[in-house]
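The structure comes first, and the notes follow.

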Amino acid sequence: MSIWIDNYKERISYNATAKVLAHYGRTECMIITDENLNSLYGKSLFNDQNLYVIPSGEKNKTFNQVNAILEYMLTLHLPRNITVIGFGGGVVCDIAGFVSAIYKRGVPLHLLPTSLLAMVDAAVGGKNGVNSKELKNQFGSIKQPSFINYDIKLLKTLPNDEFYNGIGEMLKHGLIYSQDYFDRCVEFFKKKTFEKLDYTILEELVKESIDIKLHFVEEDEADMGKRRVLNFGHTLGHIIERRGNHGHGVSVIWGMIKAINYSLGLSLITPKKSEYLLKSLNIFNIIEGAQLSWFEVE
């Protein structure tokens with residue numbers, strides 16, 4: 001178990017984005033964000049610090065993008081003690097983590113996740129990486145952040161499809177660990193009126209989701225055994241996501257539905273249990289009619 005995981009709660013803060021960013025002077029950090037977030041928050045949050053703005057979207061999670069950031073940091077002559085700050089969703093957190101892991105063989109990493117998916121998944125656990133031409137997350141590292149700030153109010157600018165992406169991972173955490181948590185997530189999100197959510201309850205659900213993920217990570221940080229349970233729904237979900245029409249979380253929901261159906265066919269789950277789970281998951285399934293070929297699965 002790493003030192004970070006052993007005392008991770010001491011390295012997490014909540015709702016202190018402006019305070020965190022104001023702590024750093026120009027020469028002390030490199031902020032990585034995307035175009036959408038820079039247009040929303042750049043003028044109010046970034047105080048003349050070193051800043052790299054990447055294009056928004058999964059298609060930009062590439063080696064070329066990471067290399068461009070690294071080369072830019074070298075032109076600024078940033079030292080070994082520079083802190084890389086990722087302010088953004090899953091793509092930004094992945095790229096920032098990878099950059100911090102390999103710039104001058106490793107520099108401190110702070111993450112400020114701004115999407116529900118990033119808060120419950122990308123920002124916690126240490127895994128980061130970029131995509132190959134055909135497959136997701138084929139190149140990367142395990143780099144634990146030295147600090148994470150969760151600012152729940154930032155989710156108020158999140159579009160509905162990004163809420164679905166976060167919900168997918170939260171439902172997965174419930175399915176692999178706690179039926180009570182799964183049921184509460186279904187009940188909380190099922191009305192789909194995301195603009196009217198109770199953010200106090202949402203923050204508590206996010207904290208529980210983080211704790212569930214850390215339960216698996218703390219015993220298997222290197223992702224060689226128990227942590228792989230966190231991949232539930234991902235094997236098939238990544239195929240749909242790779243097609244480019246759907247986000248990560250909604251693809252995972254679809255993947256979990258398919259996995260439950262396959263498990264029922266193999267008598268690995270009872271009909272009663274599968275009926276209950278499928279009924280709950282289908283509330284959030286927005287992928288209709290997608291089919292897999294054997295070539296894609298193999």
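Is the crossing of α7 and α8 left-handed or right-handed? In this predicted model, the crossing of the two helices is left-handed. The points below describe that packing and then turn to the rings.

**Packing of α7 and α8**

- Helix α7 spans residues 160–177 and helix α8 residues 179–189; their axes lie 6 Å apart at an angle of about 150°.
- Angles over 145 degrees count as roughly antiparallel, and α7 and α8 are therefore roughly antiparallel to each other.
- On the α7 side the contact includes Ile167, Met170, Leu171 and Tyr177, and on the α8 side it includes Tyr181, Phe182, Val186 and Phe189.
- The residues of this contact comprise 10 nonpolar, three polar and no charged.

**Aromatic pairs**

- The count of aromatic pairs is 11.
- One of them joins phenylalanine 63 and phenylalanine 98 in a tilted arrangement, with 5.9 Å centre to centre and 50° between the planes.
- Phenylalanine 63 belongs to helix α4 (residues 63–75) and phenylalanine 98 to helix α5 (residues 90–102), so this pair ties together parts that are 35 residues apart in sequence.
- Phenylalanine 63 is partly exposed at 41% relative accessible area, whereas phenylalanine 98 is buried at 6%.
- Phenylalanine 163 and phenylalanine 194 form a stacked pair, 4.9 Å centre to centre with 15° between the planes.
- That pair links helix α7, which holds phenylalanine 163, to the loop between α8 and α9 (199–217), which holds phenylalanine 194; the two are 31 residues apart.
- Phenylalanine 163 is buried at 1% relative accessible area, and phenylalanine 194 is buried at 2%.
- Tyr41, Phe46 and Phe87 are linked into a cluster by ring pairs.

Note on methods
Residues are numbered from 1 along each chain as its sequence is written. This is a predicted model: local features need pLDDT of at least 70, side-chain atom pairs count only at pLDDT 80 or more; totals for chains, interfaces and linings use all residues. Side-chain values use heavy atoms; hydrogens and water are left out. Axes are lines fitted to C-alpha atoms, for helices over the stretch in contact, and angles run from 0 to 180 degrees between N-to-C directions. Helices (H or I, at least four residues) and strands (E, at least two) are DSSP runs, numbered from the N terminus. Angles under 35 degrees count as roughly parallel, over 145 as roughly antiparallel, 65 to 115 as roughly perpendicular and the rest as oblique. A crossing is left-handed if the near helix is turned anticlockwise from the far one by less than a right angle, and right-handed if clockwise. Contact means heavy atoms within 4.5 Å. Ala, Val, Leu, Ile, Met, Phe, Trp, Tyr, Cys and Pro count as nonpolar, Asp, Glu, Lys and Arg as charged, and the others, Gly among them, as polar. Rings of Phe, Tyr and Trp (its six-membered ring) pair if their centres lie within 6.5 Å; planes under 30 degrees apart count as stacked, over 60 as edge-to-face and the rest as tilted. Buried means under 20% relative accessible area, exposed over 50%, partly exposed in between (1.4 Å probe, protein chains only).
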